[in-house]
Every structure is written in structure tokens, then in C-alpha cells.
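Thanks, everyone; I would like to walk you slowly through one structure this morning.

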Amino acid sequence: MKKLLTTLLIVVLLGELAGCGNNSNNKKTSTKAYTGELQGALKDYSFKIGTSGTYAPFTYYDKDGKTLVGFDMDFLKELQKLLGFKIDGGVQAMDYSPLTTSLSQGKLDIGIAAICATDTRKKVMNFSSTYYQAGLTVIVNKNSSPKGITGIDSLIKGNYKIAVQKGDASNLYLVNADVSSDRLQVHDASTTALEALEDGKADAMVYDAPGSAYYISNKKDSKLKMVGDQFAQDQSPYAIAVSFDASKKNPELVSIFNAAIKKLKDDGTIEKLNQKWCK
């Protein structure tokens, strides 16, 4: 009986790992600081890179509806200039849920889309060091939201309908906080979640603070405002996502990106991007 139970347990564990599109041999990434030549360190590599295209000011479409712009797109160009890698087929834009799924399954090598390095995501992909420190915030409609919503604690404790973007850090935070699924109004894109709150179809929304501030300041006649303090900063640092498959092909890949981020911070490049896009 013990042997049978042991065999079944092994089968279950293997099944769970396969379901994540991952196995223990995929988790090969260097934890040592990269000490080689940084300029052109990835000149022989071509990566499949994904972004969202729905999260201003980090990655969104310009007025022509075709050109991806934002902090992350400029950041990607700076990384390319420094490291020398190529982009296979151009940057692929998609909603956050398929983006993170594609990374976890190895269909994409790299994700640059204000992706929060949450504990949940670290189970299925690797992350670089933080290049932008963000937090989450609660957004309400000044006209229609219940006055009892004053921040994240009151939102979780109350019986309110909360709009979220499917698969993003806010969605994960609320699920981990045991907010029941019938209270979550899950949208494929942040734009439709924000519209639902504008139209009074949701009581509140939880979203990244930088994106919330940008939307409210740039949306003409917006009815929305942020309430309460920012939270979950430890679960919402923006980092470069690297698939386990890409890390397996180059175990130094994450370390190289870490070194590049440090250089771009030290030489003021990231602060220039911050001033351009986030101030």
C-alpha cells in the first residue's frame, strides 16, 4: 500500500509540473553576477519577445494604432543597443493572460510589458532584477462607487464588484486574498475594465498605480480617482520575464539582463525614460 501511494504521488507531481509547461531541468539560470563584456553580449541571439500594448505609459499603441510606444518600448531599444540581440518576427502584442501563458509554455522567450514579478509567476518563468518599482492601487468612480470603499482593506472586506484585468498582478493579488470569483469582474484588457468603472458597471478596480495615474490624468472628463495607499509593492516590481526554455539555452541570460539593467540605471538612462513617460 505504501509503495502504491508513493507511486501515485509521483505521478500526480509529474502531472502538475507538465501542466505548468515546465520541469525541473528547465529551471537553469545563473545566480552569479555577469562579469563578461556587456556590450554585444547577446549579439548572436534572436528572441521571440512579447508585450501587451494595452498599458500606457509603458506599452501601448500610438495614435496611428499600429506603432507600439511607451517606457517599455524605449527600454527594449536601449537593451538592444547595449546587448545586440535581434527580435524574431518583431515584438508580439497580446493581452496579459496569453502573454504570461506564452512565456510559461516557452512560446515566447522574453516578456517586456510592465510585468510584475509575483511569487506565482516565478513558479513558471524567470525574472530579471527590478527595473521599475510599482505598487497597486484601488480606483473608484467619483459618482457611482460606494463611499465605503476607501482603500484595499475596505474593498476586500466589503461585498463589492471589482473590475480587474485577467491574469495581471491585481487579479492575482485579489485571488490570493480569497476574494470570491463572483465578486471579480474579469476583463481581457485593462481598457475595458476602466470603461466598465467609468460607466458605473463595477464598484471599483484594482490596478497598477503608474497606469492608473496615467489614465486618470490623460482621460478627458474621467470620473475616476485613486483612493487609499498603494500596496503590494513586493508583488508588483516590473521586471523582464524570461522563459525557462530561454534560460536553459543560455544559463547566463538573466544575469546578463541584470547587469544591463544596473548599467542603464547607473548611467541615468532609466531615469530619463521615467521622466519622459511617467512624470
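Among the contacts in this protein with a separation of 6 or more, 73% are made by residues 24 or more positions apart, where contact means heavy atoms within 4.5 Å. Please keep in mind that this is a predicted model, in which local features need pLDDT of at least 70 and side-chain atom pairs count only at pLDDT 80 or more, while totals for chains, interfaces and linings use all residues. Residues are numbered from 1 along each chain as its sequence is written, and side-chain values use heavy atoms, with hydrogens and water left out.

The protein has eleven helices and 15 strands, taken as DSSP runs numbered from the N terminus, with helices being H or I of at least four residues and strands E of at least two. Of its 279 residues, 50% are buried, meaning under 20% relative accessible area with a 1.4 Å probe, protein chains only.

Now to helix 2 (residues 71-83) and helix 10, whose axes come within 11 Å and cross at roughly 110°; these axes are lines fitted to C-alpha atoms over the stretch in contact, with angles running from 0 to 180 degrees between N-to-C directions. Helix 2 is therefore roughly perpendicular to helix 10, a label that covers 65 to 115 degrees. On the helix 2 side the contact involves Phe75, Glu78, Leu79, Leu82 and Leu83, and helix 10 brings Ile256, Phe257, Ala260, Ile261, Lys263 and Leu264.

Conventions:
Parallel < 35°, antiparallel > 145°, perpendicular 65-115°, else oblique.
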